[in-house]
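Thanks for asking me to walk you through this one. Please have the sequence and the 3D view open side by side as you read.

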Amino acid sequence: MISFNEFLGKISIGAGGMVPADSIGQQGVSTLGYTGRPNNLSDTLLMLNNGDFAIPTTKIVGVITKVIEKQDPIIIFINKKTKIYQTRTQYNNIRNKIKLGTGKVEVIFQKHPSDSSLNISQIQNIKFLD
């Protein structure tokens, strides 16, 4: 998997980019683009189709130990190490599924597995296992 900056370095489209002509069913332009390469970026499309440009995720499985509902955002603690922040609307969607201390939950964050920082990450999915 490559980072977004590496992706930009690979395509090096210069002043702008175009949707590859072969991806929309039209013939590519025979002239060269700004960077001296054909305007259709079929090699870039192949790179994207191979899955090299995926958002890295981290999965946390644990037990919900504490919920603080009296503030917004609502904080849900998993195994005393992970906190999930939810708006009131998001929390109302999962409130009935929460079992404090007994129910297992699986949370998938948009975060690289080797990133051990305490920065807040986007939640991709919450799944209740019990």
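1. Ground rules. This is a predicted model, in which local features need pLDDT of at least 70 and side-chain atom pairs count only at pLDDT 80 or more, while totals for chains, interfaces and linings use all residues. Residues are numbered from 1 along each chain as its sequence is written, and side-chain values use heavy atoms, with hydrogens and water left out.

2. Overall layout. The protein chain has 3 helices and 5 strands, where helices (H or I, at least four residues) and strands (E, at least two) are DSSP runs numbered from the N terminus. Read from the N terminus, the order is α-α-β-β-β-α-β-β. Of the 130 residues, 25% count as buried; buried means under 20% relative accessible area, exposed over 50%, and partly exposed in between, with a 1.4 Å probe and protein chains only. Contact here means heavy atoms within 4.5 Å. Among contacts between residues at least 6 apart in sequence, 46% join residues at least 24 apart.

3. The core. A nonpolar core is a set of buried Ala, Val, Leu, Ile, Met, Phe, Trp, Tyr and Cys residues joined through side-chain atoms within 4.5 Å. The largest one has 13 residues, and those with the most contacts inside it include Ile64, Ile98 and Val107. At least two residues of this core come from each of β1 (58-68), β2 (74-78), α3 (88-94) and β4 (104-110). Look at Ile98: not counting residues up to four places away in sequence, Ile98 touches Ile64, Val67, Ile76, Tyr91 and Phe128.

4. Strand β3. Which residues of β3 are covered, and which are uncovered? In this strand (residues 82-86), Thr82, Ile84 and Gln86 form the covered face, whereas Lys83 and Tyr85 form the uncovered one. Strands β2 and β3 run antiparallel and are joined by 5 bridges; two strands pair if DSSP finds at least two bridges between them.

5. Gln86 is buried, with a relative accessible area of 6%. Lys83 is partly exposed, with a relative accessible area of 44%. Beyond four places in sequence, Lys83 touches Ile75, Ile76 and Phe77.

6. The pocket. On a 1 Å grid over the protein atoms alone, a cavity is a set of points where a 1.4 Å probe fits but cannot get out, and a pocket is an open set with protein on both sides within 12 Å along at least five of seven lines; lining residues have an atom within 4 Å of a point. Grid points are joined across faces, edges and corners, and a volume is the space filled by probe spheres set on the points. The largest pocket has a volume of about 600 Å³. Of its 22 lining residues, the closest to the centre are Thr82, Lys83, Phe109, Asn119 and Ser121. Strand β3 gives the most to this lining, with 5 residues.

7. The cavity. The count comes to 1 cavity of 30 Å³ or more. The residues lining the largest cavity are Ile64, Lys97, Lys99, Gly103, Lys104, Phe128 and Asp130.
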